[in-house]
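Here is a short note for a colleague who is opening this model now. Please keep the structure in view and take the points in order.

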Amino acid sequence: MSEPLLVLDNVTKNYGAIEALKGISFSIGKGEVVALLGDNGAGKSTLVKIIAGGLEPTSGRMLFEGKEFLAKSPAEAKAAGIETVYQDLSLCTNVDVVANFFMGREITRKFLGVPVLDEPAMEQVVEKALASAGTRIPSLRTNVEHLSGGQRQAIELNRFVHFGGKLVLLDEPFAALGVEQTRRGLDMIRQVARQGIGVVIITHIMQQAFQVADRIVVIRQGVVAGDVARNKTSPDAVIDMITGETLAGAGPAG
Ligand SMILES: Nc1ncnc2c1ncn2[C@@H]1O[C@H](COP(=O)(O)OP(=O)(O)OP(=O)(O)O)[C@@H](O)[C@H]1O
Ligand SMILES: [Mg+2]
């Protein structure tokens, strides 16, 4: 594997009496796409929330770029370069694409000694970022509420890359997207990874996992039930890991 970007070391999470994660250990390399698979309730979203600072683990450690790191909030994770990209939730729908892209990081220029927004400069940056990712948005001055889920996702992902993101987490990013938008989304993920960014994608669709991932990690009932290179496994083998068939088959009969 490439140099580890994030190492999870025996991460656990209890919700009251429920042991949602029972000691998760695996790592994510720079430029690596990891597909996180597992049945409903396996613990995938819980794990991703912990990585992104949205949830505190009960125990365990994380190393980010070789240093111990546990974000106490999503803002702290984001500042370190770890971000969850959602389809809708984090964009402001009532302002346009450019405003959303820069949100809090606007480019300014001096006008009569006073800092004002440099709209042309910002437009140029967004145009370049979207074009290089092959994303087509009818107009950068369109309010985000008029854009599709796939377009919103593309804006977020491009913003993440532009501002130096290092690890992006996607929890079922294509659940509401059509075939063509999903294909574009998968292409974009590969392109993001080529820039050295680590990607964790949760999906229930086996085909997507095999299309996009370098490595497949299976979570079953809060433990890692499989951690394999995509080209060294098969959808059938991964289904066995998800359902526990292999482990059950290996145990005593009856
Ligand atoms: N806020 C919470 N309070 C109590 N229990 C929770 C909470 N969130 C999740 N759980 C429980 O933790 C376990 C793991 O849930 P999680 O949402 O991480 O699963 P998941 O793998 O993302 O499932 P899905 O594929 O359905 O999204 C489940 O048993 C779930 O019921
Ligand atoms: Mg989930």
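1. **T12 and S59.** Start with a side-chain pair in this predicted model. T12 and S59 are joined through their side chains by a polar contact of 2.7 Å. T12 sits in strand β1, which covers residues 4-15. Is T12 buried or exposed? With a relative accessible area of 16%, T12 is buried, because the cut-off for buried is under 20%. Neighbours within four places in sequence aside, T12 contacts L21, K22, G23, P57, T58 and S59.

2. **The shell of ligand 1.** Which residues surround ligand 1? The list is Y15, A20, D39, N40, G41, A42, G43, K44, S45, T46, E172 and H204. Helix α1, residues 44-51, gives the largest share of this shell, with 3 residues.

3. **Polar pairs at ligand 1.** In N40, a side-chain N or O atom is 2.8 Å from an oxygen atom of ligand 1. In S45, a polar side-chain atom is also 2.8 Å from an oxygen atom of the ligand. In T46, the distance from a side-chain N or O atom to a ligand oxygen is 2.6 Å. On its own, ligand 1 has 630 Å² of accessible area, and the protein covers 61% of that.

4. **Helix α1.** Stay with the helix that supplies those 3 shell residues. It is mostly covered, with 6 of its 8 residues buried. The buried ones are K44, T46, L47, V48, I50 and I51. After the helix comes G53, with a positive phi near 80 degrees.

5. **L47.** This residue belongs to helix α1. Residues up to four places away in sequence aside, L47 touches L8, V11, L21, I24, F26, L36 and I219. L21 is also a contact of T12. Between L47 and H204 there are 16 Å in space, C-alpha to C-alpha, and 157 residues in sequence.

6. **Helix α4.** Residues 119-132 form this helix of 14 residues. From first C-alpha to last it reaches 20 Å, close to the 20 Å expected at 1.5 Å a residue. Which residues of α4 are buried? They are M122, V126, A129 and L130. Viewed down the axis of α4, these buried residues fall within an arc of 95 degrees, so they line one face of the helix.

7. What do the buried residues of α4 pack against? Their partners are α3 (97-102), β8 (114-117) and α5 (149-162). P120, Q124, E127, K128, A131 and S132 are exposed on the other side. Just after the helix, G134 has a positive phi of about 70 degrees.

8. **Helix α5.** Here, too, the end C-alpha atoms are 20 Å apart, which agrees with the 20 Å that 14 residues should span at 1.5 Å a residue. Buried residues number 12 of the 14, so α5 is largely enclosed by the rest of the structure. Among them are G149, Q151, R152, E156, L157 and F160. The cover over the buried residues includes β6 (82-84), α3, α4, β9 (167-171) and α6 (179-194). Just after α5 comes G164, with a positive phi of about 80 degrees.

9. **Two non-glycine residues to check.** E65 has a positive phi near 50 degrees although it is not glycine. It lies in the loop between β4 (59-64) and β5 (67-68). With a relative accessible area of 34%, E65 is partly exposed. E172 also has a positive phi near 50 degrees and is not glycine. Its place is in the loop between β9 and α6. The relative accessible area of E172 is 33%, so it is partly exposed.

Terms used. Residues numbered from 1 in each chain as written. Chains lettered and ligands numbered in written order. Heavy atoms only, no water. Helix = DSSP H or I, 4+ residues; strand = E, 2+ residues; numbered from the N terminus. Expected span 1.5 Å × (residues − 1). Buried < 20%, exposed > 50% of the residue type's maximum accessible area, 1.4 Å probe, protein only. Arc of directions from axis to C-beta. Contact = heavy atoms within 4.5 Å. Near = heavy atom within 4 Å. Polar contact = N/O pair within 3.5 Å; in protein donor to acceptor, adjacent residues only side chain to side chain. Areas by Shrake-Rupley, 256 points an atom, 1.4 Å probe, with all protein chains shown as cover.
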